[in-house]
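I opened my notebook today to look up a few things in one structure, step by step. Come along and check each entry against the picture.

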Amino acid sequence: MKAEILAALRASDGYVSGQELCGKFGVSRTAIWKAINQLKQAGYEIEAVQNRGYHIVSTPDILSENELRSIRKTEWLGNRIYYEAEIDSTNTKAMKLAEEGAPHGTIVVTDHQKNGRGRRGRTWESPAGEAIAMTFLLRPKIDPNNASMLTLIAAMAVARGIEDETGLKAGIKWPNDVIINRKKVSGILTEMSAQADYVNHIVVGIGINVHIDEFPEELKNIATSIFLELGIKINRAALIERICEYFEAYFEVFLQTEDLSAISKQYDAYMVNRNQPVKVLDPKDTYEGTARGITTRGELLVDTWESRKLVSSGEVSVRGIYGYL
Ligand code: ATP
């Protein structure tokens with residue numbers, strides 16, 4: 001009920017009477033009073049004025065199930081929200097929940113991801129209270145070979161969500177790094193459980209550097225945060241909500257054709273290394289060329305001096321000739 005009370009308070013410009021809330025939720029005044037007190041304890045500033053009712057003054061930067069549910073605008077994404085203050089890896093947790101039967105659209109969120117993972121066993125830093133670490137659990141009826149495109153969709157959703165919430169310009173380094181001012185603000189890791197021709201479930205993990213004001217030495221040159229770029233601390237729940245809306249919309253478009261034909265031009269417009277010299281680090285072969293954009297299947301088009309190559313994500317990293325970008 002707390003999420004619904006929060007939503008009701010936010011929907012009103014002025015005061016919402018205790019009586020109105022009682023009627024709405026079919027509970028006693030005491031129950032409402034208790035719930036309001038718990039919300040206050042959680043950090044919400046709620047004013048209570050006699051004969052007028054309750055009014056929400058400010059929302060702290062809280063990532064709880066109640067907060068996320070109270071601002072949710074999506075249709076199916078976030079139909080279940082699994083929040084815990086600390087989680088080892090939201091992807092691992094989402095995989096586990098999937099095996100236990102959690103539905104399509106479940107979101108796993110934490111305030112502190114203790115062992116975030118990147119590709120190929122690399123680590124993802126996610127300091128407590130300063131980042132977004134979340135995973136979307138999906139159960140689409142698609143060909144497993146098409147699942148990697150969801151990473152690109154997630155990158156678009158994150159880039160657009162950040163732009164809307166901050167006014168900053170975001171870009172994408174193919175396939176899945178979201179960039180602000182040439183540095184990485186977000187990373188995405190998609191993992192799948194599948195048979196040869198059937199997807200059991202897919203988890204799309206998203207890490208975003210939100211309030212971080214200093215990175216460890218080894219990340220200083222490649223990483224940034226929204227706070228470092230914007231100078232203010234934004235509300236993480238609002239950003240999550242916005243990203244969910246974009247992801248849901250892009251996902252529906254993707255499902256119609258099971259490829260990126262309707263989205264690839266937009267993706268190209270976000271690509272920071274488009275028409276730039278790049279080095280392709282393929283475990284089998286490293287080569288240089290010029291990135292040209294993506295195919296409708298999300299592969300990167302790279303023109304080398306001898307031919308045009310199609311680069312699939314998976315094992316490959318793309319770098320600038322002299323550094324990260
Ligand atoms: P690339 O494609 O550039 O090789 P990637 O997208 O595959 O990289 P991931 O494996 O997703 O990279 O992320 C892990 C890497 O990201 C780490 O090796 C580290 O360099 C970097 N990293 C770790 N934590 C953060 C962070 N909080 N912000 C930015 N970069 C980070």
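**Around the ligand**

I began with the ligand and found 17 residues surrounding it, the closest being Arg119, Arg122, Asp177, Ser317 and Arg319. I kept in mind that this is a predicted model.

An N or O atom in the side chain of Arg122 is 2.8 Å from a ligand oxygen atom. For Lys173, I noted 3.0 Å between a polar side-chain atom and an oxygen atom of the ligand. How much of the ligand's accessible area does the protein cover? I wrote down 91% of the 650 Å² that the ligand has on its own.

**Inside the protein**

Then I turned to the largest nonpolar core, which has 66 residues. Phe136, Val204, Ile206, Ile208 and Phe247 have the most contacts inside it. Helix H6, residues 149-166, gives the most to this core, with 11 residues. I also found a second, separate core of 16 residues, including Ala8, Val16, Leu21 and Cys22.

I picked out Phe247 and left aside residues up to four places away in sequence. Among the residues that Phe247 touches are Leu77, Phe136, Leu150 and Val204.

**One last residue**

Ile321 sits in the segment after strand E16 (317-320). Beyond its neighbours within four places in sequence, Ile321 is in contact with Pro277, Val278, Lys279 and Glu288.

Key: Residues are numbered from 1 along each chain as its sequence is written. This is a predicted model: local features need pLDDT of at least 70, side-chain atom pairs count only at pLDDT 80 or more; totals for chains, interfaces and linings use all residues. Side-chain values use heavy atoms; hydrogens and water are left out. A nonpolar core is a set of buried Ala, Val, Leu, Ile, Met, Phe, Trp, Tyr and Cys residues joined through side-chain atoms within 4.5 Å. Buried means under 20% relative accessible area, exposed over 50%, partly exposed in between (1.4 Å probe, protein chains only). Helices (H or I, at least four residues) and strands (E, at least two) are DSSP runs, numbered from the N terminus. Contact means heavy atoms within 4.5 Å. A residue is near a molecule or strand if one of its heavy atoms lies within 4 Å of it. A polar contact is a pair of N or O atoms within 3.5 Å; within protein, one must be able to donate a hydrogen and the other to accept it, and residues adjacent in sequence count only if both atoms are side-chain atoms. Accessible areas come from the Shrake-Rupley method with a 1.4 Å probe; for residues, only the protein chains shown count as cover.
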